[in-house]
Amino acid sequence: MIDNPDTDGIAGGKIIVVSNRLPFVLKRDASGNLSRHASAGGLVTAVAPVVVRNKGIWIGWPGIQLDNPEELIPESDPNDKTPTAGLLSSQVVAVQVEPQVFDSYYNGCCNRTFWPLFHSMPDRAVFSADHWKSYQEVNRMFANHTIQSLRSLPKTEANGVACNTPLIWIHDYHLMLCANTVRNVCDEMNLKCKIGFFLHIPFPPWDIFRLFPWADEVLQGMLGCDMVGFHIEDYCLNFVDCCQRRLGCRVDRKGLLVEHGGRSVRVRPLPIGIPFDRFVQLAESAPAVLAPAPAQKVVLGVDRLDYTKGLVHRLCAFEILLQKYPQHLEKVTLLQISVPSRTDVKEYQELKEEMDQLVGRINGRFTTPNWSPIRYIYGCVSQDELAAFYRDASVALVTPLRDGMNLVAKEFVACQINEPPGVLIVSPFAGAGEMMHEALICNPYEINDAAEVIHRALTMPEDERTLRMNYLRRREKTHSVDYWMRSFLKAMGTLISEDGEEVLPTTMQPVTMDDFDEYLSKYIGNTNKLALLLDYDGTLAPIAPHPDLAILPQETKHVLERLSNMPEVYISIISGRNVHNVKEMVGIDGLTYAGNHGLEILHPDGSHWWSSLQIFGR
């Protein structure tokens, strides 16, 4: 937990949070007055109190189009108990975007391009230059508001030296270009700040990311930060690999560093958590909504209705379970809660129709007068109801085809206060699958195996269930959302005091001879030659006041002679001098000499090549 109510452990100045949306929703009543309504989510829960106590700033889109850009954001209700209750309107910056531009940026580039691409589903991605231009435009708008907010912060000094460097924290795939603009302007205006970025969805491997036509701009945008955070190390390594292969950056995979623009950018795995104690309290106070477990076991699924969640695969696996293990008939029910999402998008409409048909077919096949195998809720449920579902379910199915982290798995664990507890099943393709080792791992693509895993969870002995859940609860309680917040501040180097844990390096080490083996290994093989292209003045020979005084050192000449006798090494000396002069100064046969910066070349066999420009010059 964060203990210091004044500074939250931040060694420095104000914190500026930049996200696609503000931490609350603005709504207009019948009288035309604006009001604030709480937003759910781990980000708001963890970060909003820090911004409130730090007197920082939160920048985001307000959720509605304000006709008057100067219209003030209302203050929170005096009875508001949500994490944003103390966030003053003066701490909120609403970014106004034209509806058409926002639609192209958000529904176009973010949701139709980045969402499927970053979830490793490139066949669903749509690449549009117009959507990309809108994305660039909106990112510039967010960057401009961030710079204005940074300039508005009071400057304090200690002993005549500026201190309290502000921290800018940018969030998610909606704003991957923002940091680079902020960095460039701050450098020009000599504004001091630290910039961090956190991606809440997966970062894809190189062979998928390279499909995006403007991939280099995305990488450069993210590398404008001092630190880039992801949920798990796999995403970090994917990002580092893309930086090296697309931009040619020097990288440190072990230390998770990328060298870009003369800076060492830190890349860190920072798995997000949940407000564990809050979910425990909800589970303790929520009234029962499910029948007692001995009478009816409930397998629970809670997801947005999205093609990345593997909902169709899940229903098919449950159908196979009932078919293969008839002892579960009339004793096990799948409760699937699907929260509506992007209902105006054709793909999501088709997914809803497929789910409706599949639920109807399975229920029609197995239903008895007193039991239906699937209870399907298409809509939202309250936090109290959700906590009760989590608490009373025997099994939780968290089986996305791809997911950044998936907090449902963590929320289920926090609410498992009954004895004996339930069993968590998680996909290896969610970030949670990398962290929650005591859960049963289920590949959602393997439908028959998925049915076997569900059967194993339903028949697991009580002592094993208790042992697994105790370990899971202990880990999630420790690695809560507050721990995630502190981990981010620590990775940024903004904590007043460290906790003694071993930390990764923060700067790239100088290039060593060992580095050349790694960098050149893919160019050197049993059948390939190594080409050494060497300048003369200032490289082989020191710079001298007169060209005739630039003498090749004997040690260097001996090395060149030894290399020239190796059949796998090809050496060329390139100079602005006349080609015969450079050959005379080096004095080694068997090399290729290029004079006049390559306009004339003398090959080892004595043949002489001139550029057409060189001939014309004669």
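Buried here means under 20% relative accessible area, exposed over 50% and partly exposed in between (1.4 Å probe, protein chains only). Helices (H or I, at least four residues) and strands (E, at least two) are DSSP runs, numbered from the N terminus. This is a predicted model, in which local features need pLDDT of at least 70 and side-chain atom pairs count only at pLDDT 80 or more, while totals for chains, interfaces and linings use all residues. Residues are numbered from 1 along each chain as its sequence is written, and side-chain values use heavy atoms, with hydrogens and water left out.

Stay on α8, residues 276-285, and select Phe276, Phe279, Val280, Leu282 and Ala283, which are buried. Look down the helix axis: the buried residues fall within an arc of 160°, so they line one face of α8. The arc is taken over the directions from the helix axis to the C-beta atoms. Now show α11 (383-392), α12 (408-415) and α15 (462-478), which are among the elements covering these buried residues.

Next, select arginine 278, which lies over the face of phenylalanine 279, 5.9 Å from the ring centre. A charge sits over a ring if NZ of Lys or CZ of Arg is within 6 Å of the ring centre and within 35 degrees of the ring normal. For another case, go to arginine 124, whose charged end sits over the ring of tyrosine 307, 4.2 Å from its centre.

Turn to the aromatic pairs, of which the whole structure has 24. Rings of Phe, Tyr and Trp (its six-membered ring) pair if their centres lie within 6.5 Å; planes under 30 degrees apart count as stacked, over 60 as edge-to-face and the rest as tilted. Select tyrosine 105 and tyrosine 135: their centres are 5.9 Å apart and their planes at 35°, so this pair is tilted. Tyrosine 105 lies in α2 (residues 99-118) and tyrosine 135 in α3 (residues 129-152), so the pair ties together parts 30 residues apart in sequence. Both tyrosines are buried.

Then select tryptophan 132 and tryptophan 214, a stacked pair with 5.4 Å between centres and 10° between planes. Tryptophan 132 is in α3 and tryptophan 214 in the loop between α5 (206-209) and α6 (215-222), so parts 82 residues apart in sequence are tied together. Tryptophan 132 is buried, with a relative accessible area of 3%.

Last, colour by pLDDT, the predictor's confidence in each residue, from 0 to 100. The chain mean is 88, and 89% of residues reach 70 or more. Over residues 1-8 the pLDDT is below 50, as it is over residues 496-500. Where pLDDT is low, the predicted coordinates should not be read in detail.

Notes
Contact means heavy atoms within 4.5 Å.
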